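Biologist: I am new to this structure and would like to learn how to read its features. Please take them one at a time.

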Amino acid sequence: MPADGDVTPITSSETDEADGDRKPSDNSADYTELVSQLSGAELTLATGTTDVESEAAFAFDPDADPETVFPQSVASGDPTPTGVVLWTRLEPARHDTDEPLAVQVAQDAAFEETVYRAVFDDREAVHAHDHTVKLDLDGVLAPGETYYYRFVHDGVASKTGRCRTLPAPDASPDSVSFAVLTCQNYQNGYFSAYDYIAEEDVDFIVHVGDFIYEGGGTEFCGPGSPDLPDRQFELPSGHDRVRTLEDYRYLYRKYRSDEFLQKAMENHTLIAAWDDHEIANDVYWDDEVNAPRADHPRGDDPEFMTRLLADAIHAWWEYMPSRIEYDPDAESLQDRFTMWREFGFGDLVDVIMTDERLFRDGPREGLAPLKHAVHPDNEDEGRTMLGDEQREWFLNAVENADAKWTCWTDEVLTIPLKLGAGPLTAFPMQEGWDGYTRERRDITERIAGMDVENFVTLTGDMHTYVAGYKQTEYGGPIAGPAPKESRVGVEFMTPAITSLNVAEALGANGGLIGRLTEPFLTKTVTWMNPHIEYINSHHWGYSTVEFTREDCTYTAYTVDKTDGTADADREVLVAYRVPDGDVELQDVTDAARR
Ligand SMILES: [Fe+2]
């Protein structure tokens, strides 16, 4: 077992700033400098490993309340075969920079078999990042193991977190399982699903984005949303939508104050992507002005949006236990952040995670979403969601994946979703890959040509449960389904934890109207889309996906988001199995309910 080693505390030396509502002209000069504070080169602050003198740093009062010093508890993420990123945040009023912040990792929850101990040397750096701290233990731990960890400051210990490393690259695990999550609007429901996720017997949590929503009040709620005054809040800037770094930090603190979310973060190691709401609704990159654009009151102000995106990712980097590459020398801000990355689970699963937001072109002009406009040949050549560099990286990763299962985690719906029939067909999900059909065709055909077996795509964003086939060609309700040979894989979409779904947006999620519209939506949409086996946008919850030598199984749960207690109702909504070597969705719901 490796003991103390070289590790990098992920902190920097930026100072706090008082964020007001910045005008476009007052941010262009310093955003570059601000963002550059995330540079890896500036993060190499020494972490002292313990010696006899620092033993006192690990002493604590067992009766002290962890929340008084660590109000957002702890988290772990971005596993490697030899480490994880550990995360915590100190309560500012209890953060004494004269006192050490210590961290311990052990093989047991009683901390009798300690494998790593350290104190953070640069205490001001913790202060500078909203009192958050991240520690990258890559290279320190052993593969395929579960560990326990805690932080200690000023005589108080945090809650104990449990984390897990990836299997060794040459390992042959019998199974790997994920809880798959997305879309958790704090105002639109309780995080009771997280209480169940915390107890799920899964190896890791995969979050495909919308960890926060960038609004206060009742932003992003709808006519069917529950009235939950205790879930509402105002942003520090006083605006409905985020304006500042402080707004984003406030959102993360608010979301991470939820006891169920905390419990899940304490119990599992997180693999997280961002989607649009970590930045701003429907964000994309406007090449004409080389700046982000989004659904935001100042979404068409390039300088403001550039700063906003830098602030958004700055806060994400501070608050998420993730390890993403940052290149301060990249010419464009979008090119500085490399969120796309891979996770290998021995010879069983290769997970390839992509970023669908920073590089995407804007909405298609013309008559989309009508059918004749939504066709690869009617799109501009070069139109992209992934950007050229990421797309080639992704296709390379798929081609080189040599595990039994290749798993693409992509934030948005990848398969077509049609409403209507014949000439009266529309593709309403232009935010997903239906808005980028030329690139989708290119990717699908190239993957089909690679002869990749066992290709599973995990998505979110749409606040809907989906199980369907990825195909090189798609049939229709009148022409019938495309032949089985056209299948290149399956897609499983996980539902929102709480965010506004279709039924809620229409005010059709409860009572008799809910009971009538739910089967109607499933039957109608699956008839219009023969490649979709199942769709449902009447519930909230999460899913689990388990990969074994024999199969991959998606089990989707509903959890009552209006019940903020640990007794919220939970049910299996649907479950599908894909056997090894065959692109076939088998309904195993009855077995999953037993
Ligand atoms: Fe969402």
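Biologist: Is D210 buried or exposed?
Modeller: Buried means under 20% relative accessible area, exposed over 50%, and partly exposed in between, with a 1.4 Å probe and protein chains only. D210 has a relative accessible area of 0%, so D210 is buried. Y213 counts as buried too, at 2% relative accessibility. This is a predicted model, in which local features need pLDDT of at least 70 and side-chain atom pairs count only at pLDDT 80 or more, while totals for chains, interfaces and linings use all residues. Residues are numbered from 1 along each chain as its sequence is written, and side-chain values use heavy atoms, leaving out hydrogens and water.

Biologist: Which residues coordinate the iron ion?
Modeller: Donors are N, O and S atoms within 2.8 Å of the metal (3.2 Å for Na, K and Ca); water is not among the atoms, so sites may look incomplete. Here the iron ion is coordinated by C183 (SG), D210 (OD), Y213 (OH) and H463 (NE2), at 2.0 to 2.4 Å. Their spacing in sequence is C-x26-D-x2-Y-x249-H.

Biologist: Why is the arrangement around the iron ion irregular?
Modeller: Four donors count as tetrahedral if all angles lie between 85 and 135 degrees; four count as square planar and six as octahedral if opposite donors are over 155 degrees apart and all others between 65 and 115; anything else is irregular. The four donor atoms here subtend angles of 85 to 169°, which makes the arrangement irregular.

Biologist: How should I read a sheet, and in what order do the seven strands of the open sheet lie?
Modeller: Strands of a sheet pair through backbone hydrogen bonds, either parallel or antiparallel. Helices (H or I, at least four residues) and strands (E, at least two) are DSSP runs, numbered from the N terminus, and two strands pair if DSSP finds at least two bridges between them. In this open sheet the order is β18-β19-β20-β23-β25-β24-β26, with mixed pairing. β18 (341-345) and β26 (532-536) are the edge strands, each pairing on one side only. Within the sheet, β19 (residues 349-353) and β20 (residues 405-409) pair in the parallel sense over five bridges; V349 has W405 as its bridge partner in β20.

Biologist: Which strand pairs with β7 in the antiparallel sense?
Modeller: Strand β4 (residues 83-89) does, over five bridges, and V85 has D136 of β7 as its bridge partner. Five of the five residues of β7 (residues 132-136) are buried. Both faces are covered, with T132, K134 and D136 on one side and V133 and L135 on the other.
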